[in-house]
Amino acid sequence: MRPSPDPAGIDALDLLDPALHASHDLTPVWRWLRAHDPVRRHERFWSVTRHADVLRVVRDPDTFSSLQGNMLRTLLRGHDPGAGKMLVVTDGPKHARLRRLLTPGFGPRTLGPVTHSIAEATRDLLGALVRRGGGDFVAEVAAQVPLRAICELLGVPEGDRQCVLELTGEAMLGEAPSGGQAVGEGGGTPPAAMIAQSEILLYYTRLAARRRTAPGDDVISLLVGSDLTEEEVLLNCYNLIIGGDETARLAMAGGLLALATYDKEWARLREDPALVGPAAEEILRWTTPAAHVGRIATRDAELAGRQVAAGDVVALWTVSANRDEAVFDDPGRFDVGRTPNRHLTFGHGPHFCLGAQLARAEIRALLAELRASVSAITVTGPVTWLPSNFINGVGTLPVALA
């Protein structure tokens, strides 16, 4: 269990420090901020920690924009290379157009076959882990299922998938420690990860070229069949790969850790199949894979009695909003039957996560298969946490599954 810093020393805490988020459980800090300083001014940005205030900001993209970036790393640098081209860093008409273009690729007609594949992959991977007597759940299950699903959505040919999975895993080594940066950010990315990122982009360049002459039912075909530039197609492909991996991977891993830690909740889930849906939502709330989202103020605004100036960077700490006592009963308790559950893990408003239903399907498939094939979950070694102020979750999770 990670130690928690004393909120009395909050002035000395550097919330930008990735190592702080990996080495400490900041729950008491978020609780103190919600109660005493819910919109707090730091030297270079504002922290917003209450559920209601986070909602207000994400509902108002005209005042709090994503156009210069959606995380502290890029906003404080002043530029995101995907700005105005990639779904997550657009606003207004361009965002609406991109969203309309991509939505059919994540609709029920498309997700039906993918959901079946997710269930099969989860069964195979989890079964293999059980037969081996255990292993690293992150590497062997949680990292594999979402990537297989996103490869299917993007129409990656079966023969290419293993290579793409390996490249994406290598590229992710450069994403997680630096806060999940967008492609092209650089800034300390390990050389092997940079090479993998370049090779992924090259692969999708070739795949997009093939889709222009032989379109299919996949997301890449939707993109190349539009009036997007080649750069916009590649940036959105890359964004879908990274975004499609992170939420489900981190939620699945953190969810398994929660079930291992709170054995009474695991027993409840095993006894009642009707809890699979609510348990998936509670895992999304409990793990909150994106610790924050960032915005920049386009004009002067008042927020919870504080004056935010045009040009100010605002960090919306979803990880805090999802534990807000004003919204959730006993928010520090992991409750697989929690209803209602108004978590903000997928965001809200115009930027609500396009892949929310896919991530939910992946987590529900894991829970269903755990109920069917596992009786006991035991953590067998040290759990490591990702050093990032943006993505929130475990990097390794050694377990034995009975």
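Guide: Thr-288 sits in the loop between helix H14 (276–287) and strand S5 (293–297); helices (H or I, at least four residues) and strands (E, at least two) are DSSP runs, numbered from the N terminus. The model is predicted, so local features need pLDDT of at least 70, side-chain atom pairs count only at pLDDT 80 or more, and totals for chains, interfaces and linings use all residues. Residues are numbered from 1 along each chain as its sequence is written, and side-chain values use heavy atoms, with hydrogens and water left out.

Visitor: Why is Thr-288 called buried?
Guide: Buried means under 20% relative accessible area, exposed over 50%, partly exposed in between (1.4 Å probe, protein chains only). Thr-288 has 1% relative accessibility, and therefore counts as buried.

Visitor: Which residues is Thr-288 in contact with, leaving aside neighbours within four places in sequence?
Guide: Contact means heavy atoms within 4.5 Å. Among the residues that Thr-288 touches on that basis are Ile-283, Thr-318 and Asn-392.

Visitor: What makes S5 and S8 a pair?
Guide: Two strands pair if DSSP finds at least two bridges between them. Four bridges join S5 to S8, which run antiparallel; Gly-294 has Ala-315 as its bridge partner in S8.

Visitor: How many bridges join S2 to S8?
Guide: Three, and strand S2 (residues 46–48) runs parallel to S8.

Visitor: Why are S1 and S3 called edge strands?
Guide: The open sheet has five strands in the order S1-S2-S8-S5-S3, with mixed pairing. Strand S1 (39–41) and strand S3 (64–65) each pair on one side only.
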